[in-house]
Amino acid sequence: MEPFDVFDPAFRADPYPVYARYRAGDAVHRGRAPTPDGPPGWWYLFRHADVAAVLKDSRFGRAIAPALDEPPPPVPPAEREPFWDMYAHWTLALEPPEHTRQRALLSEGFTARVVAGLRPAIAAQAAALLDALTPRGRFDVVADYAFPLTLSVIAALIGIPQSDLARVKAWSLIIADVLDYKRTWDVMAAGNRMTAEFTAYLADIVAARRARPENDLISRLLAAVAGEARLAEDELIALCVMLLFAGHETTVNLISAGALLLLTQPEQLALFRARPELTDTAVDEILRLHSPIQATTRIAYADVTLGDRLIRRGESVTLLLGAANRDPAAFPDPNRLDIARRPNRHLAFGRGIHFCLGAPLAMAQGGLALRLLFERSTDWRLACNPIWSETFGFRGLTSLSIGKFSSRCA
């Protein structure tokens, strides 16, 4: 088959037919790297079984150094610094033992007990937003509801003042651009400026918490020790950036995609309204159908055979979660929304040691946000055509306008 092209406008508009074609005809595909003018020699996996296996296989990992006999060639400082130096501290970019150490320190902030304690605050924040939005008769689910809800929740958990959320949102949008596969020098320059601003801002907050701890994650991380695993300050700041970004970006996509799916499938929406006990299975099904993270990359640490293809040590493999989650071999009638689907072994949160740390929080926020949205009114309709982002790695809506009337805008 022709090389898989993540920059094809038709693919970006609707990736699922393309996924289906490769899944059926070339499921372990060798193509070009997912960057503009990327070199050949990059692997793509489309089947659920292959993606799930690699996510759990210790012969594949995120860190580049163990995969190579020689260190990677030097990267020009203008591209490497400071964004990628900050990113190198993120838990999702690390392998054991560094990954294990960080995860042990962070996990206390995202336990089922902590998330259960947050549920009343999440519900109250969602209700307050809807109290203001519902009388308007029309609003944007992304900008007016999902974004402020999820950003407010993760900021409060970490210890970021609510008055600074607009700045954090702007910085997060830049991070999403940098981490997408369509990366340009202008995007990298913006990412480097953002990194300097964001880290300086967080350094001030860390200094304030060091002097006067509060009941937030920054204060707990400053005090936390797992064995000899206290966080260095640059590491702590980088992790706060990671949590602020990852803690809301994908959940915004979950809430808005869920609203779109339910509004366009009335029988499923009626079932969702009638059976609150299906909230979690509905969220799982939304994550499966519209995975907020469509792809993740691993590096082979050894020669590995998948099917009849040999992936060599040091080669990179992109795991297409969005394709795996619609694999008919794993999910009967995979393109249909079924909010009661069980079992639902979707891969939206990953598998293995990199399974999403914030999954319980995302499930709680997504379920509460959608439940309250559709309990407050039975009159919501799509008021405009939904607009999807042009990114590939993080797939989500940039606008979803709903209203209590049937007219639509262009």
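Asp-57 counts as buried at 18% relative accessibility, where buried means under 20% relative accessible area, exposed over 50% and partly exposed in between (1.4 Å probe, protein chains only). Its salt-bridge partner is Arg-59, with 2.8 Å from N to O; here a salt bridge is a side-chain nitrogen of Lys or Arg within 4 Å of a carboxyl oxygen of Asp or Glu. Arg-59 itself counts as partly exposed, at 38% relative accessibility. The model is predicted, so local features need pLDDT of at least 70 and side-chain atom pairs count only at pLDDT 80 or more, whereas totals for chains, interfaces and linings use all residues. Residues are numbered from 1 along each chain as its sequence is written, and side-chain values use heavy atoms, with hydrogens and water left out.

Helices (H or I, at least four residues) and strands (E, at least two) are DSSP runs, numbered from the N terminus. Asp-180 is buried, with a relative accessible area of 3%, and Arg-12 is buried too, at 11%. Another salt bridge links Asp-144 with Arg-136, whose closest N and O atoms are 3.4 Å apart. In this pair Asp-144 is partly exposed at 23%, while Arg-136 is exposed at 51%. Shared partners also join Arg-209, Glu-214 and Asp-216 into one network of salt bridges.

Attention now turns to the nonpolar interior. A nonpolar core is a set of buried Ala, Val, Leu, Ile, Met, Phe, Trp, Tyr and Cys residues joined through side-chain atoms within 4.5 Å. The largest such core holds 100 residues, and the members touching the most others are Phe-83, Trp-90, Tyr-145, Ile-160, Phe-198 and Phe-374. Helix α8 (residues 141–158) supplies the largest share of this core, with twelve residues. A second, separate core has 17 residues, among them Trp-43, Leu-45, Val-51 and Ala-300. Setting aside residues up to four places away in sequence, Phe-198 touches Val-168, Trp-171, Ile-175, Val-241 and Leu-244.

Helices α8 and α9 pack at an angle of about 105 degrees, their axes 11 Å apart. Axes are lines fitted to C-alpha atoms, for helices over the stretch in contact, and angles run from 0 to 180 degrees between N-to-C directions. The two helices α8 and α9 are therefore roughly perpendicular to each other, a label given to angles of 65 to 115 degrees (under 35 counts as roughly parallel, over 145 as roughly antiparallel and the rest as oblique). Phe-147, Leu-151, Ser-152 and Ala-155 of α8 make the contact with Leu-165, Val-168, Lys-169 and Leu-173 of α9, contact meaning heavy atoms within 4.5 Å. Ser-172 also has its place in α9 and counts as buried, at 0% relative accessibility. Beyond its neighbours within four places in sequence, Ser-172 is in contact with Leu-244, Phe-245 and His-248.

Finally, three strands form an open sheet in the order β4-β12-β9, with antiparallel pairing. Two strands pair if DSSP finds at least two bridges between them. Because β4 (138–140) and β9 (381–382) stand at the edges with a single partner strand each, one side of each is left without a neighbour in the sheet. Arg-381 stands opposite Gly-403 in β12.
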